[in-house]
Number of protein chains: 2
Amino acid sequence: MTMSAAPHRVTVIGGGFGGLEAAKHLAAAPVEVTLIDRRNFHLFQPLTYQVATGALSPAEVCYPLRAIFKGRPNVRVVMATVEAVDLEERKLRLQPSAEGGEAFDLGYDTLVVAAGSAYSYFGHEEWRQVAPEVKSLESALELRARLLGAFEAAELEADAERRCALLTFVVVGGGPTGVEMAGQIAELARDTLSDEFRTIDPGEARVLLVEMADRVLTTFPPSLSRKAKSQLEHLGVTPMLGHTVVGIDAESVTVEGGVEAARRIPAHNVIWAAGVTASALGGALAEQCGGEVDKAGRILVEPDLTLPGNPGVFAIGDMIRVRRPGGEAQALPGVAPVAMQQGRYAAKAVRARLEGRSVSPFHYLDKGNLATIGRARAVADLHLVRLSGFPAWLTWLFVHLWYLIGFQNRLLVFVRWSFSFLTRGRGARVIAEGGEERESGRAA
Amino acid sequence: MTMSAAPHRVTVIGGGFGGLEAAKHLAAAPVEVTLIDRRNFHLFQPLTYQVATGALSPAEVCYPLRAIFKGRPNVRVVMATVEAVDLEERKLRLQPSAEGGEAFDLGYDTLVVAAGSAYSYFGHEEWRQVAPEVKSLESALELRARLLGAFEAAELEADAERRCALLTFVVVGGGPTGVEMAGQIAELARDTLSDEFRTIDPGEARVLLVEMADRVLTTFPPSLSRKAKSQLEHLGVTPMLGHTVVGIDAESVTVEGGVEAARRIPAHNVIWAAGVTASALGGALAEQCGGEVDKAGRILVEPDLTLPGNPGVFAIGDMIRVRRPGGEAQALPGVAPVAMQQGRYAAKAVRARLEGRSVSPFHYLDKGNLATIGRARAVADLHLVRLSGFPAWLTWLFVHLWYLIGFQNRLLVFVRWSFSFLTRGRGARVIAEGGEERESGRAA
């Protein structure tokens, strides 16, 4: 029962890689697009960890959503949190992010849900306070303050044991983010901060990388995992493969591995890069449409990325698994290219339907897999060719600059990376964004 | 009773313009320098307001203190707050800024106090919560979140009156900071955000500049004040001269002016740029040395910038007034050049004394006065010549880029300003640094 004159209303939930692509590819179509995000910016998540180590500044990896759709009057950006979805009534309940706003309802004709995922602490929510992750910008800024603060605290710490614990950094999870963080912390300690302290030698910091599997980067071929491991060791990172974290508190991590008994490692800095769990919105949708949700909270969608029995509702990105035309479920990697291709697919499907055409099932074109380990160190699995070291690093650099939104951000990040490469410095080592409470502006 | 072999210990409190210059000019001397700041960075305060409006990113106006003294083993940086100074015993009580640190004592032979000043709310501390200032980085980030958040809230606000209050911005204080803030907010609303909203027209935002005196920029010649006022009006700012703020709450400002009765203006955004008060350290020192403190909390120092009766203790910057060789007290403007010249003077005096030489009283070389109003709009009083408009703006631009620390920061700020000039955009419009509490990383 749509009114014939009113334009088709497409609502997109989430301004991440998937949602943004969907909105962009609908901007020129004869539809009314509403893009909902609880932040006012798109975050280039693959580089968020560089904000945490002071290599980049927040604004260099963020782009205002409104600026992207400045010249697009049919795209409306709403800064709000989705509190509920009503598939029956085709409407959303939204709570404005800005203070003092009142919740309101928003109807839709087509819905694209791209709500993403968050780090899961495997049922140990209390670890979140002591072991920040680097997926959200806020957490990355808090982590930055903690990492740099640990060196500051160590410089003024008289007790040798406490000093050692302050200078012990444990990264949990040996996927791309964990590997990147471990490498960056090692470089921060050994290169950037060298000669800057008078009591401690930052180069004596210990960086441990705890991974349950018997190799790092399990989504890469074993040969590249081995190369990544040796590059990490070269940087001074100690990979602890086959180990599981069983406890974290403000002053230590407890790990278990193989035949060893549980071991407590005094460490003031734990960085969480282990498992992710899909947005709770997936579960809420599954309840209404009778869909399946797996252990990681991902909802199973049809081959055309729509919810079972709800052809007007798409779900995309790392919050879904896709039913193959054959029948079995496929979990694609939770990376930007998957989300972007799915976002474009959803936009294409919406446009096709309005024109009375049908689309073939979604197919992911896997162009390869990249992970950086440090300065001039990376691995790249481009299927036809596998690279490591400098050529892989150049590939990584080029791809990330290419996909950053906005020429200004590309230029700024290029400037920062060039300086970092030449001087081994890190220009964004500001403690005090986020984290701390505001105080009056006295200098000392 | 100093040990003959031990090097002379100079302790500098504060890594602002004055303290930093003092430490830098002592780095090559045969002394042991300790630089204390509660932050890990030097803040280029004249540009902090551009962080508040999203024109610049924090790291672009901050420089890590440790990086400045990387190659200087005789300079030690301590990240701590000064809790007490004991002039008699020549020692300080320090509280480390990093969490969990224990307070400790630090002795000195010579002390340079450069603790700066903070905004004073004229006895209305409760206004601080509703009217952020732009002197400290944390407050500037909170202000950024509030300014951008006000437009977001207005876009979703159904009530017209509330929408109008959300889009009313009141800047208190018509000095350089107030004028700069008012101009930037007007440009943000009229240029940067235009065509980005679908319900509101950001260009309808009202920007009021409340100033007690009968002209803005009272430290400039009246002719330049008039030019500044007309440039502000051209940008859409309404100067309310001869008006005083008598009340601020979360939803309004009450002003009084001339024969008018007090008037309540509904406004959700108040920016404080009125009076400053010197660091409380000045008062604490005055108590111990029997020195005078004026209403703004500034301690009176000797013509050589030392405390009365304490030739080993210098105080510099905007926390002091200087006794002229004639006798009367002189309050120099609270700007960077004064602090920098005094920092260099203190360093020179310390070096001279160690060599048995004496120095002539401090003399401030006033090179002029600059204030920017907006894109291609500024005023410059260079004594020999007075400029306004584009030539003044170019002068302002060049001077600020020149004094920024670090070639990387100069390049980054130049890139941001070039883009802003060409596109009228603002690249650092990220809400969520500071201010908000951390939540899990869900996209929406």
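Chain A is divided into domain 1 (8–116 + 279–354) and domain 2 (123–274 + 370–423), with bounds that come from an automatic or database domain assignment. This is a predicted model, in which local features need pLDDT of at least 70, side-chain atom pairs count only at pLDDT 80 or more, and totals for chains, interfaces and linings use all residues. Residues are numbered from 1 along each chain as its sequence is written, while chains are lettered from A and ligands numbered from 1 in the order in which they are written.

**Between the domains of chain A**

- The centres of domain 1 and domain 2 of chain A, taken over C-alpha atoms, are 30 Å apart.
- Across the boundary, 19 residues of domain 1 of chain A are in contact with 25 residues of domain 2 of chain A (contact means C-beta atoms, placed from the backbone, within 7 Å).
- On the domain 1 side, strand E3 (41–43), helix H2 (48–52) and strand E4 (62–64) of chain A each give two or more residues; helices (H or I, at least four residues) and strands (E, at least two) are DSSP runs, numbered from the N terminus.
- H2(A) gives the most to that side, with four residues.
- By class, the domain 1 side has 13 nonpolar, five polar and one charged residues (Ala, Val, Leu, Ile, Met, Phe, Trp, Tyr, Cys and Pro count as nonpolar, Asp, Glu, Lys and Arg as charged, and the others, Gly among them, as polar).

**A helix pair within chain A**

- Helix H7 (residues 176–192) and helix H8 (residues 222–235) of chain A pack at an angle of about 20°, with their axes 9 Å apart; axes are lines fitted to C-alpha atoms, for helices over the stretch in contact, and angles run from 0 to 180 degrees between N-to-C directions.
- H7(A) and H8(A) are therefore roughly parallel to each other (angles under 35 degrees count as roughly parallel, over 145 as roughly antiparallel).
- Val179(A), Ala182(A), Gly183(A), Ala186(A) and Glu187(A) of H7(A) make the contact with Ala228(A), Leu232(A) and Leu235(A) of H8(A).
- This contact has six nonpolar, one polar and one charged residues.

**Between chains A and B**

- In the contact between the chains, 74 residues of chain B meet 74 residues of chain A.
- H6(B) gives the most to the chain B side, with nine residues.
- Helix H12 (residues 407–423) of chain A packs with helix H13 (residues 407–423) of chain B at an angle of about 175°, with axes 10 Å apart, and the two are therefore roughly antiparallel.
- Gln408, Leu411, Leu412, Val415 and Phe419 of chain A, in H12(A), meet Gln408(B), Leu411(B), Leu412(B), Val415(B) and Phe419(B) in H13(B).

Notes:
Parallel < 35°, antiparallel > 145°, perpendicular 65-115°, else oblique. Contact = placed C-beta atoms within 7 Å.
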